[in-house]
Amino acid sequence: MTMTTHHGTTARPVVEVVPLTPTTWRVCDSRRDGDTKRIVGYITTAQDGFEMLWMRPRPGVMYRYDTFDDAVDATATRLRLLRS
């Protein structure tokens, strides 16, 4: 399995996406090395797209997206806002 990253507005990647199964990916904030808050949620395939289940700042919040890239892009944007 290959890890992918989404680059934020800084030189360092913001989102690390680690495949867990063919339909589930763990989403991490790469700026939090070794931090317990590194895992921010999970992306899973849904019947009509993809869902991002957030583990922080409010566990259990879920958003739906048309494409995998949309889910990753939206996650990167929210992570940048959380760190502001």
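Helices (H or I, at least four residues) and strands (E, at least two) are DSSP runs, numbered from the N terminus.

**Figure 1. Overall arrangement of the predicted protein chain.** Residues are numbered from 1 along each chain as its sequence is written, and side-chain values use heavy atoms, with hydrogens and water left out. Of the 84 residues in the protein chain, 42% are buried; buried means under 20% relative accessible area, exposed over 50%, and partly exposed in between (1.4 Å probe, protein chains only). The protein chain exposes about 5100 Å², of which carbon and sulfur atoms supply 54%; accessible areas come from the Shrake-Rupley method with a 1.4 Å probe, and for residues only the protein chains shown count as cover.

**Figure 2. Pairing of strands E3, E4 and E5.** Two strands pair if DSSP finds at least two bridges between them. Strand E4 (residues 39-46) pairs in the antiparallel sense with strand E3 (residues 24-29) over five bridges, and with strand E5 (residues 49-54) in the antiparallel sense over six bridges. A hairpin through two residues joins E4 to E5. Tyr42 of E4 is the bridge partner of Arg26, and Tyr42 also stands opposite Leu53 in E5.

Figure 3. Thr44 is found in strand E4 and, because its relative accessibility is 25%, counts as partly exposed. Contact means heavy atoms within 4.5 Å. Leaving aside neighbours within four places in sequence, Thr44 is in contact with Thr23, Thr24, Gly49, Phe50 and Glu51. The C-alpha atoms of Thr44 and Thr21 are separated by 9.3 Å, with the two residues 23 apart along the chain.

Figure 4. Rings of Phe, Tyr and Trp (its six-membered ring) pair if their centres lie within 6.5 Å; planes under 30 degrees apart count as stacked, over 60 as edge-to-face and the rest as tilted. A search of the whole structure finds three aromatic pairs. The rings of Phe50 and Phe68 have centres 5.7 Å apart and planes at 75°, so this pair is edge-to-face. The pair links distant parts of the chain, with Phe50 in strand E5 and Phe68 in helix H1 (residues 68-83), 18 residues apart. Both Phe50 and Phe68 are buried, and together with Trp25 they form one aromatic cluster. Elsewhere, the charged end of Arg78 sits over the ring of Trp54, 5.0 Å from the ring centre; this description requires NZ of Lys or CZ of Arg within 6 Å of the ring centre and within 35 degrees of the ring normal.

**Figure 5. The largest nonpolar core.** A nonpolar core is a set of buried Ala, Val, Leu, Ile, Met, Phe, Trp, Tyr and Cys residues joined through side-chain atoms within 4.5 Å. The largest one has 18 residues, and those with the most contacts inside it are Val15, Ile43, Met52 and Phe68. Strand E2 (13-21), E3, E4, E5 and H1 are the elements that give two or more residues to this core, and H1 contributes the largest share, six residues. Leaving aside neighbours within four places in sequence, the contacts of Met52 include Val27, Val40, Ile43, Val61, Met62 and Thr75.

Methods. This is a predicted model: local features need pLDDT of at least 70, side-chain atom pairs count only at pLDDT 80 or more; totals for chains, interfaces and linings use all residues.
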